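Reader: Hello! I am new to this structure, and I would like a close look at how the chains meet. Please take me there step by step.

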Amino acid sequence: MKALLNNSFLDLLRTQTVAGRQLRELLLLTVFLVLIWGVTALLSPRFLSLDNLSDILVQAAPLGFVVLGQMLVIVVRGLDLSVASIMATAAVLSIGANDSIVSIVILALGVGFVVGAVNGYLVAYRGVTPFLATLATMIVLQGIRFAYTKGAPGGSLPETFRWLATGDIAGIPVSLIILAVVAVAIYWLLMRSKFGYQIRLFGDNPQSAYMSGVPVRKIQMIVFVISGVLAALAGLFLVGYVGIVDNWTGQGYALDSIAAAVIGGASLRGGKGSVAGVLLATLILVSLFNIVVILGLSVEFQLVIKGTLIILAAAVYLSKSRD
Amino acid sequence: MISIDQGRSFKATLKTWARATRFESLHWVIIGLILMVFALGSIGSERFATLANIFNVQDQLVVLAIIALAQTLVILSGGIDLSFAGMLGLLCVFFAGFNAQDTQTLALAIAATLALGAFLGGINGVITAYVGVHPFIVTLGTSTVLTGLALLHSNQPSGSVALFFEDVVYARIAGVPCGFIFVICLYALTAFMLWRSNFGIRLYAIGNNEVAAQISGVPVKQTKVLVYAVSGLLAALAAIYMVGRFGVGDPRAGVGFDLRSITPVIVGGTLLAGGFGGVLGTALAVILLSLLANALNLMNVSSFYQWIVEGLIIICAVSVLVGRSKK
């Protein structure tokens, strides 16, 4: 506490408080990111060009939205396997049915909301394991999506949409501005609000949270709804970035978002999560993909690196949480 | 720990049998559902209730049955194995990469593939048990790595296997596919092992309460490594069978099996938290799901709707079983 009061950064870094630990984790992630960027820049000067760096950031935005929601779910000891399915279903249904951007956004977020609510209901009120509840909704959504499109999604993307996902305001990509707004909101929600205090307490110890009068069912429900809505938003951005609507939009995002959340310091045992950490981890994962392409390695290397990184990160955090 | 009833009455014999197979009332429900699907299929398509079609279903369920068996063992121990996608792909290209044309190479290839499967599974187990990382993360990570390695090895289906081996895999005894008979033996063996062996008893103990098991002197870590190794071994068996069926090693052969393997385990009544359930439920659930898929196919229901049905089955199953998970 003394260190906190002195407000000395170095002191804080050494303390055994939660804040000190989180700061050390962030530092570790930043060092790793700088390291891989540095090595790549040495091997290929093209990597550090402004175009390429902004490309990495824009690519990272959709995963960033998903990861923020996923992290909240993981904080309450859950898992959301349905995010990728929500991304594709929200995008396919809303763009297939509409032309105007407002109705597309409302419809897509509505889909995310409903699916999140179903997940939340199953988990909070029916006592289903999050893993199974979201696995089931993932499969059902997949069926609904394909049955609706009969395998070939239609509809066209409004121009404003492409601009939202790929354009920029004064050199700063629009998607990044929106991601920053959402990240700040989630940070406030998790670290500064009563709701955030409740979900962290629930993640730490569900029983004591219940005893202390935390509305445990309601908060689980809300967290899954947030995750669903953010996934739907991510789906729209990804479709806008890629330029076409596909039934498999966002494939792999479910596991990637869990990986990024874990690398970013969220623990599957609940109660731990950091907005800055998971966003850094997202950047690391997306950078790896870019690096593999820039260095001309075969794309499969990305899988090998990613898998190793996931296990290593989890192992590192474990050994640290023990002391 | 478990004694055999010495009673001579029929009821007592039934009880013994129920205990050995861990039979429970839920299994009647699954059997009832199987009969319902059977009736539905017979009404919906005249090709469904033919002997030829039933043998076909038996052929088709072999891989899912083996993988679901592996998943059952891991889940019983309180873990989860999501590495089958990468595992099957790598083991398939590895086995087919031997291009075995004579018996000697074939025996070597089979032995090497089984060893590699057990070794890779063992790695999952070591990281889970000794480093203490959540099995979800471990197996997710290894699956990603193994998928990468399989695709680096060969980007498209490659390799081959002797024609006589394919004949063995396709062989039928009085119409019944050899693969199906093999699976039945495998399930019986595993059920017996879960019932009588130290390993089986320890598996339930760890799944039920790891701390209690540790205190009671159960070698928790070694048992965990062993169960993941067995899971890898079974994945190798499935991979060998797949190569025998396709005649070629497909690096993408395992896609989807990581999550598909969980459905029959859960529908069969095994708790995801571990320690409760058994292989009989998984076997019945595999039969139910395979028959359902076959019936829907013959009734020309597109696979899109089959996904919806599969998801709803999971929701129904877990909602029904929810009372048991709140132990």
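This is a predicted model: local features need pLDDT of at least 70, side-chain atom pairs count only at pLDDT 80 or more; totals for chains, interfaces and linings use all residues.

Author: Residues are numbered from 1 along each chain as its sequence is written, chains are lettered from A and ligands numbered from 1 in the order in which they are written, and side-chain values use heavy atoms, leaving out hydrogens and water.

Salt bridges (a side-chain nitrogen of Lys or Arg within 4 Å of a carboxyl oxygen of Asp or Glu) also come to zero between chain A and chain B. On the side of chain A that touches chain B, two or more residues each come from helix H7 (130-149), helix H13 (253-263) and helix H15 of chain A. H15(A) gives the largest share of that side, 13 residues. Helices here are DSSP runs of H or I, at least four residues, numbered from the N terminus.

How much area is buried between chain A and chain B? About 3400 Å², and carbon and sulfur atoms give 83% of that area. Buried area is the accessible area (1.4 Å probe) that two parts lose on being put together, summed over both. Counted by residues, 41 of chain A are in contact (heavy atoms within 4.5 Å) with 39 of chain B.

Now let us zoom in on Phe131(A), which sits in helix H7 of chain A. Phe131(A) counts as buried because its relative accessibility is 6%, and buried means under 20%. Leaving aside residues up to four places away in sequence, Phe131(A) touches Leu79(A) and Leu81(A) in chain A, and Ile80(B), Leu82(B), Phe136(B), Leu259(B), Ile262(B) and Leu272(B) in chain B. Asn119(A) is 12 residues from Phe131(A) in sequence, and their C-alpha atoms are 10.0 Å apart.

Helix H7 of chain A also holds Thr137(A). Thr137(A) is another buried residue, at 7% relative accessibility. Setting aside residues up to four places away in sequence, Thr137(A) touches Ser82(A), Val115(A), Val118(A) and Asn119(A).

Helix H3 (18-43) and helix H15 (300-322) of chain A, together with helix H7 (135-153) of chain B, each supply at least two of the patch residues. With three residues, H3(A) gives the most. Leu35(A) belongs to that helix, H3 of chain A. Leu35(A) is exposed, as its relative accessible area is 51% and exposed means over 50%.

Conventions:
Buried means under 20% relative accessible area, exposed over 50%, partly exposed in between (1.4 Å probe, protein chains only).
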